[in-house]
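Let's take a friendly walk through this model, from its sheet to its cores and then to the side-chain pairs. Have the sequence and the 3D view open as you read.

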Amino acid sequence: MTAAHDPRRKAIVIGGSVGGLFAANLLSRSGWDIEIFERTPEALTGRGAGIVTHPELFEALTAAGVEVDESIGVSVNTRITLARDGSAISEREMPQTLTGWGKMYEVLGNAFSGTYRTGAHVMAVASHADHAEVTLADGSTHRADMVIAADGFRSGVREQLLPEARLEYAGYIAWRGLVNEGELTRATHAAIFDKFAFCLPPREQILGYPVAGEHNSTVAGERRFNFVWYRATCEDELASLLTDAQGKCWSTGIPPGMIRPDVIADMESAATDLLAPQFAEVVARTAQPLFQPIYDLTVSRMSFGRIALLGDAAFVARPHCGMGVTKAAGDAMALVRALEGNATVESGLDAYSAARVQVGQAIVEHARHLGAYMQAQLKSDEDRAMAERYRTPEAVMRDTAVSRRF
């Protein structure tokens, strides 16, 4: 009997976000007893970041027991690039479904029937000959046959197992936000709401698309518009942006509510000066914008005896390829296949690592390629000029967040 089909097998999944829920659901359906340890004291509801879907994501959702129907997201047929004056300078047909983090969390959470523990702050993990062990901040220890670390790009498990793996700042940030469909003017709604829209001001890039609204509704009139705005930012400037009003610097990411008012005001002023009026309106009407420094991260391995990394705990790719959630879903699918195809947990996790390290590296490299224009903005005039040659509206619309097998 293989490891995945032994009903006595137990796995602990560290991290209860979307990647952890994919792993938990797929392992559970493969016969494992699953317990999720989530660090935050409450369920991770209310997050609304947009997610671009791909066929591989739908395959994983179906395998996890989620019914994929029209309520899973908002469908668009067209991509459009706007000039500074708001006119359309390029357009192409490209059907795609856009969804939100909250929607993925909801459907995967509803599908999960195991134990989901909140407030479970993992301090250490260990792999032994016959079990794996997790130590929590309260001093308790928990045994399982296997531990899957899906604790995100700031993964404490990765830091313990691979301290040499470090986030590499790419030289730019992404402002993000959501505005309710009903808060947009009629003209802006007509111009961009049912499209995947872009604007390419000098040295910058913004894109936006519709996603589910409050309570994950995809009903017309109840949806939201999601934007992502890339802006070149040197490390000294980044440190200032990450510093709150009390002087604390949040080194890898500042909570939205802690961003200083002057930083928000400067960003909104730049939107008015640089962006097409439709996008400037979206930015201005966003209740609580946030920004994320853009990082790369790769690892040399994803398995450590009876412990494995999954999703952003292993590879962090820039968001240009829109593969973050799909990558985590693919990891979970590959994990189950590897365990089912090997006689022991350790050999299964090693096979999983061998397959997914190659995939993760390929996704990170592809995302670096798509983000090379933004990274070039902090380099020489020659570098910027060279990067400009590859940033036509047609190329950006063709290559950004499109389905691609790795």
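In which sense do strand β1 and strand β10 pair, and over how many bridges? This is a predicted model, and in it β1 (residues 10–14) and β10 (residues 146–149) pair in the parallel sense over 4 bridges. To find the spot, look for I12, whose bridge partner in β10 is V147. Both strands belong to an open sheet of 6 strands, ordered β6-β2-β1-β10-β17-β16, with mixed pairing. At the edges of this sheet are β6 (115–117) and β16 (303–304), each of which pairs on one side only.

Next come the nonpolar cores. The largest has 68 residues, and F22 and I148 are those with the most contacts inside it. Helix α9 (residues 324–340) gives the most to this core, contributing 9 residues. Another core lies apart from the largest one; it has 32 residues, including W175, F227, L241 and I259.

Another tilted pair is formed by F193 and F225, at 6.0 Å centre to centre and with 40 degrees between the planes. Because F193 lies in helix α5 and F225 in strand β14, this pair ties together parts that are 32 residues apart in sequence. F193 is buried at 1% relative accessibility, and F225 is buried at 0%. Elsewhere, F153, Y169 and Y295 form one aromatic cluster.

Rings also meet charges here. R79 lies over the face of F196, 4.2 Å from the ring centre, while the charged end of K248 sits over the ring of W250, 3.8 Å from its centre.

The structure holds 18 salt bridges, and the table gives some of them.

| Salt bridge | N to O distance |
|---|---|
| R223 and E181 | 2.7 Å |
| D312 and K327 | 3.1 Å |
| K195 and D194 | 3.2 Å |

What does the pair of R223 and E181 tie together? R223 lies in the loop between β13 (204–211) and β14 (224–232), and E181 in the loop between β11 (168–180) and α5 (186–193), so the pair joins parts that are 42 residues apart in sequence. R223 is buried, with a relative accessible area of 16%, and E181 is buried at 7%.

The bridge between D312 and K327 ties together parts that are 15 residues apart in sequence, because D312 lies in the loop between β17 (307–309) and α9 while K327 lies in helix α9. D312 is partly exposed at 31% relative accessible area, whereas K327 is buried at 3%. For the remaining pair in the table, K195 is buried at 13% and D194 is partly exposed at 47% relative accessibility. Finally, E168, D296, R318, E365 and R368 are linked in a network of salt bridges.

Notes. Residues numbered from 1 in each chain as written. Predicted model: local features only at pLDDT ≥ 70, side-chain atom pairs only at ≥ 80, totals over all residues. Heavy atoms only, no water. Pairing = 2+ DSSP bridges. Helix = DSSP H or I, 4+ residues; strand = E, 2+ residues; numbered from the N terminus. Core = buried A, V, L, I, M, F, W, Y, C linked by side-chain atoms within 4.5 Å. Buried < 20%, exposed > 50% of the residue type's maximum accessible area, 1.4 Å probe, protein only. Salt bridge = Lys/Arg side-chain N within 4 Å of Asp/Glu carboxyl O. Phe/Tyr/Trp six-rings, centres within 6.5 Å; stacked < 30°, edge-to-face > 60°. Lys NZ or Arg CZ within 6 Å of the ring centre and 35° of its normal.
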